[in-house]
Amino acid sequence: PRGDSGKRRVSPLDRIVFVQFLTQDPDVATSIPLSASAARPTILVVDDEPSTQRTLDRLLAFYRFAPRQASNIQDATLIAEREPVDAFVVDLTLGREESGMDMVAWLRRQRGYAMAPVFVLTSDLDIPDRDRTLIRQHGAHLFYKGQSLELLIDRLQRILADSTASASGSR
């Protein structure tokens, strides 16, 4: 985004990524993969904004997730059908033609993803009642882009830990 002076404005997500890179370990900074034996939950980020994709990709990798990226529903469904995904982060507004709620509805119709954790991202504080209702009905978690991304990471970690504990307890 550019301001009135023509200079690029720094978004809060850009600042967070910069701070993360100042404090992160060498494995992430140099893109050296973690050992193959380390189990890392796969998180599919579905967002049409490249800056949001990059930010979440770096942040998720920093916290030892295995991020995947898609900029639209078609690409996201192909990834989800091709490889197992542990959780989803989906932008509410995917361009002019698509809604993130369409992606969430598709996930809930899939046997393997009917109960998968889904976070719906939005920068809009005025979410239509229809979308709020769908988010609740589908058991998704609403997350505002202005919130601390550390909060998103914390929620992802807790929800995935709870689902792992539930799965191992039911065996």
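Student: What does the accessible surface of the protein come to, and how much of it belongs to carbon and sulfur atoms?
Tutor: The model is predicted. Its accessible surface comes to about 10,100 Å², and carbon and sulfur atoms account for 52% of that surface.

Student: How many helices and strands does the secondary structure of the protein have?
Tutor: There are seven helices and seven strands. Read from the N terminus, the order of the elements is α-α-β-α-β-α-β-β-β-α-β-α-β-α.

Student: What share of the residues is buried?
Tutor: Of the 171 residues in the protein, 40% are buried.

Student: And which share of the contacts with a separation of 6 or more joins residues 24 or more positions apart?
Tutor: Such pairs make up 63% of those contacts.

Student: Turning to Asp 91, where is it found?
Tutor: Asp 91 belongs to strand β3, which covers residues 87–91.

Student: Is Asp 91 buried or exposed?
Tutor: Asp 91 is buried, because its relative accessible area is 2%, and the cut-off for buried is under 20%.

Student: Which residues is Asp 91 in contact with, leaving aside neighbours within four places in sequence?
Tutor: Asp 91 contacts Val 46, Asp 47, Asp 48, Gly 100, Leu 121, Thr 122 and Lys 145.

Student: Where does Ser 71 lie?
Tutor: Ser 71 sits in the loop that links β2 (66–70) to α4 (73–82). With a relative accessible area of 33%, Ser 71 is partly exposed.

Student: What does Ser 71 touch, not counting residues up to four places away in sequence?
Tutor: Ser 71 touches Asp 47, Asp 48, Gln 53 and Leu 94.

Definitions and conventions. Residues are numbered from 1 along each chain as its sequence is written. This is a predicted model: local features need pLDDT of at least 70, side-chain atom pairs count only at pLDDT 80 or more; totals for chains, interfaces and linings use all residues. Side-chain values use heavy atoms; hydrogens and water are left out. Helices (H or I, at least four residues) and strands (E, at least two) are DSSP runs, numbered from the N terminus. Buried means under 20% relative accessible area, exposed over 50%, partly exposed in between (1.4 Å probe, protein chains only). Contact means heavy atoms within 4.5 Å. Accessible areas come from the Shrake-Rupley method with a 1.4 Å probe; for residues, only the protein chains shown count as cover.
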